[in-house]
Amino acid sequence: MTTTLRPAGPGRDGVYSICANGRSVGGVHLTPLGPWGTGTGWILHIQVLPSRRRRGHGCVAMLAAEEIMRGRRCTRMAAAVPEGNRAATGLVSALGYAPDSTRLVAPVRATGLPHGVRMMDTDEREAWCAAELHRCAATLRAAGWSEPAARARAHARLDHPTAPAPYTLGDGAAVWVAHGVVLALTARNPEAAATLLRAAGHVTATQGLPELAIDLPDEARTPEFTKVLTGARFVPRTRYWGKPIL
């Protein structure tokens, strides 16, 4: 039996049908554009018909997806797996993807900015963002990312010149939130982190959004910060996996 990917049709860029002997048995959605910057291809969604599962279609489709992304000059792949999806987790793990980070979400409401929190001025913003950009890229390089890939991911995360300025407690403690997502958070201690997350929740709620999201790298999953997130009612929604495809 031959499993192939075929473009789904005009107007559906990145969407492919998974075909077995010419017959559609599922689909996959790919993009070279994502939150990790240029050079990383994303598998946003993959699905195989229940009656056709456990026959290797998903595995072959994932490998074919990697070839497509190589052809679009990607050197890494990433996959977004819904929390608790054991079948998808097993598939990406078997294909050599490593866990990278988790997106957590929490409900928000407008309660006012916590005492002591204020918006950064222009000079503070430029200095803080430059330091965060350097720190983020250095962390990725230490985790095995190439210099170009680390720089691209750091810029994708932190290069948002039109976004509202970060909020700060002073002394380097700050949170940057845009479109309901925490772009960066630096805090001296768990208490400062909790305060800044409350500020981010308030800002998000005043924008009419129902929830706040944060992408937590695996290396940042400390017991202290996990306790802060639990106290703020964050729950995991999506697990991100990645691997190089040089």
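1. In this predicted model, T31 stands opposite W42 of strand β4. The two strands concerned, β3 (residues 23–31) and β4 (residues 40–48), pair in the antiparallel sense, and their pairing extends over 6 bridges.

2. The pair belongs to an open sheet of 12 strands with mixed pairing, whose order reads β1-β2-β3-β4-β5-β12-β6-β11-β10-β9-β8-β7. At its edges lie β1 (3–7) and β7 (118–119), each of which pairs on one side only.

3. Helix α2 (residues 86–94) lies across β5 (76–82) and β12 (235–244), and runs at about 165 degrees to β5. Helix α6 (residues 223–231) also packs on the sheet, where it touches β6 (98–107), β10 (181–186) and β11 (211–217), and its direction makes about 165 degrees with that of β11.

4. How do helices α3 and α4 pack, in terms of angle and axes? Helix α3 (residues 122–142) meets helix α4 (residues 147–158) at an angle of about 140 degrees, with the axes 8 Å apart. Since angles over 145 degrees would count as roughly antiparallel, α3 and α4 are therefore described as oblique to each other. Their crossing is right-handed.

5. The contact between these helices draws on E132, L133, R135, C136, A137, L140 and R141 from α3, and on E147, A150, R153, A154, H155, R157 and L158 from α4. Sorted by class, the contact of α3 with α4 comprises 7 nonpolar, 1 polar and 6 charged residues.

How values were computed: Residues numbered from 1 in each chain as written. Predicted model: local features only at pLDDT ≥ 70, side-chain atom pairs only at ≥ 80, totals over all residues. Heavy atoms only, no water. Pairing = 2+ DSSP bridges. Helix = DSSP H or I, 4+ residues; strand = E, 2+ residues; numbered from the N terminus. Contact = heavy atoms within 4.5 Å. Axes fitted to C-alpha atoms, helices over the stretch in contact; angles between N-to-C directions. Parallel < 35°, antiparallel > 145°, perpendicular 65-115°, else oblique. Left-handed = near helix turned anticlockwise from the far one by under 90°. Nonpolar A, V, L, I, M, F, W, Y, C, P; charged D, E, K, R; others polar.
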